[in-house]
Amino acid sequence: MGPGPGPEVPAGSRESGEPVDQRWLSRRAQEAEGAAEGGFDLTRCVREPIHLLGGVQSCGSLVAVDPETGVVEVAARNTGDLLGVEAVDLVGGPVTRLVSAAAFEEAVEAAGDEGGVPAALALSDDVTAPGRRFDVSAHRRDGLLIMEFEPRGADGPEARGFYQGVRRALARLRSAEDTEDCCRVAVREVRALTGFDRVVAYRFDGEDGPGEVVAEDVREGWEPWLGLWFPATDIPPQARRLYRENWIRVIGDVDDVAVGLHPPVREATGEPLDLSQAALRTVSGFHLEYLRNIGVRSSMSVSVLREGRLWGLIACHGAEPARITPEVRSACEMFGAAFSLQLSAIEERERADAHVESTARSAAVAEALERERLEEGLGDGGGPLMELLDADGVVLRRAERTLGAGEPFAPGLLRALEERARALTPGVPWCTDRLAEEDGPGGGAEAADGGPAGVLMVPLSGVGEYVAWRRPERPMPRQWAADPSVPVRVGPRGERLTPRGSGAVFRATVRGRSLPWTVRDRVAAKELWRLLTGLVLRHAEVLDAINDELRMRNVDLDSFAHAAAHDLKEPLRGISNAATFAMEDAGDGLDEVTLHRLRNMQRLAGRMDELLNSLLHYARLGRAGLRVREVELGSALDAALEVAGPRLAEQRVTVVRGTLPRVRADADRLDEILVNLLVNAAKYARPDGERRVEVTVERHPVPPAGDAPGTPAGPEQVVVVRDNGIGIPADRRDDVFDLFRRLHGPAEHGGGTGVGLALVKRIVERHGGRIWLDAVPGGGTAFYFTLGSSEPDPA
């Protein structure tokens, strides 16, 4: 259809009770097939190649020249009337039939590189057309130099006064304090520069969404448009692309008969000449009809860009044909660029103000976390985290912990946010006030059913950690200049656009949107990330220092245990020998009490020697390195049975072999693990019935380490030693891995020092693995262990 706000709407109003689906509206042009009365296909507007229409407005003329050879390849068919040489005679010949060689060289140099802004040239005396003066501009496109010629009229603006007006307009624009003020200044100054009857600032709701008139300067008697919305279909995607590429578009007269090109199709491309950046480019018939419907004879649009994206337009309408000279166009284009820069400057100023304002609030949140009051910070309605961004729910995902407050996030949304956080740069906030319209994780149908309408998330790291806030839906009333559910209507002219207004302003409620996230919100989230990052780094430094000290203490402890166990054995041997010698020397001369005491001394010395041997072995495990290699688990079991087999046979325990693949482990240490677990099964065999112990490899979830919360990881392949013995009470399961801890008396179930399972745990952890158990009193015990990076290979 074409650029510019929608049709003029007469006074009056009509209520519409139907909510407006914004995603449907923004994509209406792509989806509509025969949507309007009479079968009008709206996709014709979308598919129309408006940069390849093959014509120019008749107020000027155009030639396309090979810049290397100076040969004309394409010419407008009115060159004969305006420039004195017919197009058929120009094509294939030198451009010097129109301009001097010096002027052509100047145009080539001024045009610069491909895609540059068209350059205005002062060639009034270098154009060969007799008795005429022209404004000439030049730019490059598809390897050609495109030169546009516009007759210079006698009624152009007086230069000095005009440029003083431009300077005043720019000065007023720089004084604007906020976006609304900036828009009001812009429309007022552009109308003063151009003389149009209506000038509006038109802001898009997203790059492909509808638009709102946010500021207006209009002639008395014209219907005001301020605050009205216009459907996204008014400006189809290809028109928006041209607005990003060419900052200004002028239509001098909607009833102008376009001038064709010769030849109409370029031999090199098989398409018409690309006029994307040409000021004289003719306009789509759909858009011309659109303008006629609202009583507009001339128009101009100036693009407003923010960070390379189309923010909106300054749209101008006139009731009569108008000639907008190159000077005025250049001034408006410069004004549009200044307007865009001023909007960016205002946003930067707001960001700076927001940074100052949000630092204290973000610091309060970080302070609460630094004091290790994370749960408190998320309790009582969310505390400072909730207050930071005026949200109804907040969630913190960090170190595999998920803590939230306020309204909950659905599990699917939490997973989607984690996935999105992994793909984003840490510290750069991502936000949306229309989650159901978002593509990618968490958007679309995933968010449409009862979830939040808006989410702001700041990734804390590159591993899926984040803080996210949510906001509920806030229905927003809008006034539309036309019924947004009926983008076009077809009238007596056939399949052409006719006035869409029906004497009414259409009111509808937009659903699925939250309160928008402001610059202040985004800055506060980023500042919180910065503070949290500093906090984490400080904690990491402290943790490193603690770990270094802990490693030194562990080394000292291992050395002490080794030395103590070794050095204490000699006195014990002396005590035991002294008791033996006393009993031998005294012979039958000792009374029973003394003899009993000496025998107790021998027994206790032997018991202490066993404990010291176990302590010495335990200490050696902390000092010795591992020789990890591939080991056949079946062969390791055979070796373990050579030691534990007699004990198992004595207790009539049958060994059952399951799947026994190859593993990566220290063979000697793996032998110790299996021997201790097998002997343990023999010690605690059931008193009657079948006795058995099974050694196999199974897939099981691995529970979180220590007291860490969360769900088990896995499943992974783990080695299992499972017996059907007497089992372990639930409240004693953690005790079995403690050093010198026995659940029974010293003489019960074969005795022992209580070191075996502690050794097993230490060996497994030295491999980087985990060990845990599952037991039922009277129903047996199953020990599960992994070997860390030495995971069992698949069978």
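Modeller: A term first: a residue is called exposed when its relative accessible area is over 50%, and buried when that area is under 20%. Please note also that this is a predicted model.

Biologist: Is Arg627 buried or exposed?
Modeller: Arg627 has a relative accessible area of 57%, so this residue is exposed.

Biologist: Which residue forms a salt bridge with Arg627?
Modeller: The partner is Asp668, with the closest N and O atoms 3.3 Å apart. This pair links distant parts of the chain, 41 residues apart: Arg627 is in the loop between helix 16 and strand 24, and Asp668 is in helix 18. Asp668 is partly exposed, at 42% relative accessibility.

Biologist: How many salt bridges are there in total?
Modeller: The count is 33. One of them joins Asp135 and Arg323, at 4.0 Å from N to O. Asp135 belongs to strand 6, whereas Arg323 sits in the loop between strand 14 and helix 11, 188 residues apart. Asp135 is buried at 8%, while Arg323 is partly exposed at 41%.

Biologist: And where do Arg184 and Glu180 lie?
Modeller: Both are in helix 8, four residues apart, which is about one turn of the helix.

Methods:
Residues are numbered from 1 along each chain as its sequence is written. This is a predicted model: local features need pLDDT of at least 70, side-chain atom pairs count only at pLDDT 80 or more; totals for chains, interfaces and linings use all residues. Side-chain values use heavy atoms; hydrogens and water are left out. A salt bridge is a side-chain nitrogen of Lys or Arg within 4 Å of a carboxyl oxygen of Asp or Glu. Helices (H or I, at least four residues) and strands (E, at least two) are DSSP runs, numbered from the N terminus. Buried means under 20% relative accessible area, exposed over 50%, partly exposed in between (1.4 Å probe, protein chains only).
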